[in-house]
Amino acid sequence: MLFLYKYCLLVTNNFVLTCTEKEEKRIRKQPAMSSSYFILLCSADSLRILRLISFFTLLLSSSNCSANVGSDVRKAPRQLSVDFYAKSCPQVDQLVASVTSAQFRESPVSAPATIRLFFHDCFVDGCDASILISTAPGSKELTERDADDNKDLAMEAFDSINKAKALVETKCPGVVSCADILAMAARDFVHLTGGPYYQVKKGRWDGKLSMASRVAPNIPHSNSTINDLIKIFSSKGLTIDDLVVLSGAHTIGFSHCKHFVDRLYDFKGSKQSDPTMDPRLLKALKLSCPKFGGNNDIVAPFDVTTPFSFDNAYYGNLVSKLGLLSSDQALASDSRTMPLVQALAKDKQKFIQAFAAAMDKMGSIGIKRGRKHGEIRRDCSVHV
Ligand code: HEM
């Protein structure tokens, strides 16, 4: 039987279509990815692949898609500091870096996965590594990581943190929190993919609670409106500008079809596709994500122009109607967010600086300090 279980990934200098997660991992390991055409064929039928190739040739030649390029923090965040472990574990940044760089070489998907893991940790009751806790065997009380909104979080992200923690424990046992390790690892992966290197402030304690029921109300969704997004970000002490800047993390990484399929076939119950999506992108995505019977593993890149580099192309794409999620594209049309989207599309340096500052701010959400509210875990997946 011929069905598109494994899809194909087509990469050119400027454009990537879709792939299964497995293929995505393979392709991301290719060092020669950037040279002219690079086509990876899986078990898709060749006719379809040829159609895709001609489609993308058309798209590339005719488009300018290369994009010119809660309340958690109502109280002032408790003090974190860059040199928090200066005496107790002075080499902690280097220890984490040695793991993240090896992990990135071995499995580049760890980069977007870990950055997203950090975001999902911070937004649900603060940056306290509560997302790393495993549900106890046989327990009916699911932890955050088993909540529906976290099911897509890639294993590679958890692996990176566990490996980094294991190494840090050999040198500085019982000293460095999992929450700090996650913050440092996310920073490293931003840098490894071409984004800024910034100093991570430390001193977070790990959380004592992790409840799946806390996730959905605190995590924005792909169909959230700008009002929803602003509300949720502001409940974390983050501004509208922070929302725009942090969404720039979607300059790398991939999304499963289910998060944008409504835009292709039935946007807001209209039985029509989303008029704010470029028709050529719409057509391409429809090929990968059929209305019925699609493969749940298929993913599409957020940034269709430079999906592996942490740059400002995401914003240029939004201006060109090439955003993937409805929540991404909406940033380019709302008067409260559009000016910054346009400014960041034109100015990579501005994005790089603003992103580093916004990550620092996000990393300060809901910080716990001391034994009353926190713990320092030795194994990030279980409470002390
Ligand atoms: C503004 C609201 C946001 C919404 C609605 C949103 C939604 C999503 C969705 C639906 C996915 C795809 C998940 C999948 O299919 O596997 C995703 C992926 C991702 N998100 Fe967001 N996100 C938002 C903000 C953020 C922020 C603030 C960050 C980090 C600072 C972030 C980082 C990422 C990354 C890096 C990925 C790619 C993950 C991967 O490829 O493994 N997102 N996001």
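Predicted model: local features only at pLDDT ≥ 70, side-chain atom pairs only at ≥ 80, totals over all residues.
Start with two helices, α3 (residues 92-106) and α5 (residues 155-171). Two packed helices are described by the angle between their axes and the distance between the axes. For α3 and α5, the axes come within 9 Å and cross at roughly 145°. The crossing of these helices is right-handed. On the α3 side, the residues that meet α5 are Val-92, Leu-95, Val-96, Val-99, Thr-100 and Gln-103. Their partners in α5 are Ser-160, Lys-163, Ala-164, Leu-167, Val-168 and Lys-171. Sorted by class, this contact has seven nonpolar, three polar and two charged residues.

Helix α5 also holds Glu-156. Is Glu-156 buried or exposed? It counts as buried because 20 C-beta neighbours lie inside 10 Å, and 20 is the number at which a residue is called buried. Apart from neighbours within four places in sequence, Glu-156 is in contact with Ser-107, Val-109, Ser-110 and Ala-113. Pro-112 is 44 residues away from Glu-156 along the chain, yet the C-alpha atoms of the two are separated by 9.7 Å.

Now turn to His-250, in the loop between α8 (240-247) and β5 (254-256). An unreviewed UniProt entry places the feature "binding site" at His-250. Although His-250 is in a loop, this residue is buried, because 25 other C-beta atoms lie within 10 Å. Which residues does His-250 touch, not counting those up to four places away in sequence? They are Phe-302, Asp-303, Tyr-314 and Asp-328.

Key: Residues numbered from 1 in each chain as written. UniProt positions renumbered as here; feature names shortened; annotations may be inferred. Helix = DSSP H or I, 4+ residues; strand = E, 2+ residues; numbered from the N terminus. Buried ≥ 20, exposed ≤ 12 C-beta atoms within 10 Å, placed from the backbone. Contact = placed C-beta atoms within 7 Å. Axes fitted to C-alpha atoms, helices over the stretch in contact; angles between N-to-C directions. Left-handed = near helix turned anticlockwise from the far one by under 90°. Nonpolar A, V, L, I, M, F, W, Y, C, P; charged D, E, K, R; others polar.
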